[in-house]
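User: Could you take me through this structure, starting with the whole chain and then moving to a few residues?

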Amino acid sequence: MQATEASDRVMYWGTGRRKSAVARVRLVPGSGQMTVNGKPGDLYLQFNTAFLSLAKAPLETLGLENEYDVLVNAHGGGVSGQADAIRLGVARALCQLDPENRKPLKTEGYLTRDPRAKERKKYGLHKARKAPQYSKR
């Protein structure tokens, strides 16, 4: 997570994870466009409109939604997990942009990685907790 400057283009990096999804996020000064895996953000996260607003929430908290383009490389997991991973990556990149951004993002909970993940299947059970039907005889 470090800023890079290549030919007058400043980039801020952030990595976000959720379940098995990983999102590598770059913030570049621009007009507020979001690109995920080469597709526009509203097309990639089209299944639920809440996913796009979830991913852009850290920018909206700071009022920077029209000042930076968000370039994302996401893989693993599903669309919901990737949206959460993007949100964490954007929040981390914004902290790198200006350390003053950390406090408002922290109070909103955008800098906390969600630790919940799928529980492993145990032997003797159908799923993690689902047991075979019990019969007395």
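Analyst: The overall layout comes first, followed by two residues.

Analyst: Please keep in mind that this is a predicted model, in which local features need pLDDT of at least 70 and side-chain atom pairs count only at pLDDT 80 or more, while totals for chains, interfaces and linings use all residues. Residues are numbered from 1 along each chain as its sequence is written, and side-chain values use heavy atoms, with hydrogens and water left out.

User: OK, how many helices and strands does the protein have, and in what order do they run?

Analyst: The protein has 4 helices and 6 strands, where helices (H or I, at least four residues) and strands (E, at least two) are DSSP runs numbered from the N terminus. Read from the N terminus, the order is β-β-β-β-β-α-α-β-α-α.

User: What about its radius of gyration and the box it fills?

Analyst: The radius of gyration, taken over C-alpha atoms, is 18 Å, whereas a compact globule of 137 residues would be near 14 Å; that globule rule is 2.2 Å times the number of residues to the power 0.38. Along the principal axes, the C-alpha atoms fill a box of roughly 75 × 30 × 25 Å.

User: And what share of the residues is buried?

Analyst: Of the 137 residues, 34% count as buried, a term that means under 20% relative accessible area, with exposed being over 50% and partly exposed in between (1.4 Å probe, protein chains only).

User: Switching to D69, where is it found, and is it buried or exposed?

Analyst: D69 is found in strand β6, which covers residues 68–75, and it counts as buried because its relative accessible area is 18%.

User: Which backbone atom does the side chain of D69 reach?

Analyst: The side chain of D69 reaches the backbone nitrogen of G32 at 3.0 Å. Leaving aside neighbours within four places in sequence, D69 is also in contact (heavy atoms within 4.5 Å) with residues including R26, V28, P29 and Q33.

User: Now L59, which helix is that in, and what does it touch?

Analyst: L59 lies in helix α2, residues 49–62, and it counts as buried because its relative accessibility is 1%. Not counting residues up to four places away in sequence, L59 touches L64, E65, V70, V90 and L94.

User: How far apart are L59 and R87?

Analyst: L59 and R87 are 28 residues apart in sequence, and their C-alpha atoms are 9.2 Å apart in space.

Note on methods: A polar contact is a pair of N or O atoms within 3.5 Å; within protein, one must be able to donate a hydrogen and the other to accept it, and residues adjacent in sequence count only if both atoms are side-chain atoms.
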